[in-house]
Amino acid sequence: MNQGIKTVIYPVKDVAKAKTLFSELLSVEPYADAAYYVGFRIGDQEIGLDPNGHKHGMTGYYHVDNIEESLQLLLDAGAEVQQEIKDVGGGNLIAAVKDADGNIIGLSQRP
């Protein structure tokens, strides 16, 4: 089952400045604060800041129950793998594809 976009990752050049801006915008402090990723949670939505994400651009992640099945459905519909399925910690799996128009579609499966 697809639960919709619940995670949006922004590429940032200056993570400290971006963290200040998003802390003010969202009125919360980050739950994750590392040099490689800063994450905020608002209800069931996550906003992430990625200082290494410039080649991908902003990416919305659809939360799915079965990432392998969802990835295969996208590939069968003509998408190309941008990032294979990988565990980003704690059993959280992500993957990304590029559609025919060059848009990045992210998938996320939580344990």
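The buried residues of helix α1 are covered by elements that include β1 (2-11), β3 (37-42) and β4 (45-50). Buried here stands for under 20% relative accessible area, exposed for over 50%, and partly exposed for what falls in between, with a 1.4 Å probe and protein chains only. Keep in mind that this is a predicted model, where local features need pLDDT of at least 70, side-chain atom pairs count only at pLDDT 80 or more, and totals for chains, interfaces and linings use all residues. Residues are numbered from 1 along each chain as its sequence is written, and side-chain values use heavy atoms, with hydrogens and water left out. Helices (H or I, at least four residues) and strands (E, at least two) are DSSP runs, numbered from the N terminus.

**Helix α1**

- Ala18, Phe22 and Ser23 are the buried ones to look at in α1. They cover an arc of only 135 degrees around the axis, so they sit on the same side of α1; the arc is taken from the directions that run from the helix axis to the C-beta atoms.
- Turn to the other side of α1 and you find Lys17, Leu21 and Glu24 exposed.
- Asp14 caps the N-terminal end of α1, with a side-chain oxygen 3.1 Å from the backbone nitrogen of Ala16.

- Ser27 is in the loop between α1 and β2.
- Its phi is near 60 degrees, a positive value in a residue other than glycine.
- Ser27 has a relative accessible area of 62%, so it counts as exposed.

**Helix α2**

- In α2 (residues 67-76), Ile67, Ser70 and Leu71 are buried. Looking down the axis of α2, these buried residues fall within an arc of 100 degrees, so they line one face of the helix.
- They pack against β5 (59-64), β6 (80-87), β7 (93-98) and β8 (104-109), where contact means heavy atoms within 4.5 Å.
- Glu68, Leu73 and Asp76 are exposed on the other side of α2.
- At the start of α2, a side-chain oxygen of Asn66 comes to within 3.2 Å of the backbone nitrogen of Glu68.

**Lys6 in β1**

- Lys6 belongs to strand β1, and it counts as buried because its relative accessibility is 19%.
- Its side chain makes a polar contact with the side chain of Gln3 at 3.5 Å. Such a contact is a pair of N or O atoms within 3.5 Å; within protein, one must be able to donate a hydrogen and the other to accept it, and residues adjacent in sequence count only if both atoms are side-chain atoms.
- Leaving aside residues up to four places away in sequence, Lys6 touches Asp44, Gln45, Glu46, Tyr61 and His63.

**The largest pocket**

- The largest pocket holds about 740 Å³ of space. On a 1 Å grid over the protein atoms alone, a pocket is an open set of points with protein on both sides within 12 Å along at least five of seven lines, and lining residues have an atom within 4 Å of a point.
- Of its 28 lining residues, Ile9, Tyr37, Asp50, Val88 and Ile94 are the closest to the centre.
- β1 gives the most to this lining, with four residues.

How values were computed. On a 1 Å grid over the protein atoms alone, a cavity is a set of points where a 1.4 Å probe fits but cannot get out, and a pocket is an open set with protein on both sides within 12 Å along at least five of seven lines; lining residues have an atom within 4 Å of a point. Grid points are joined across faces, edges and corners, and a volume is the space filled by probe spheres set on the points.
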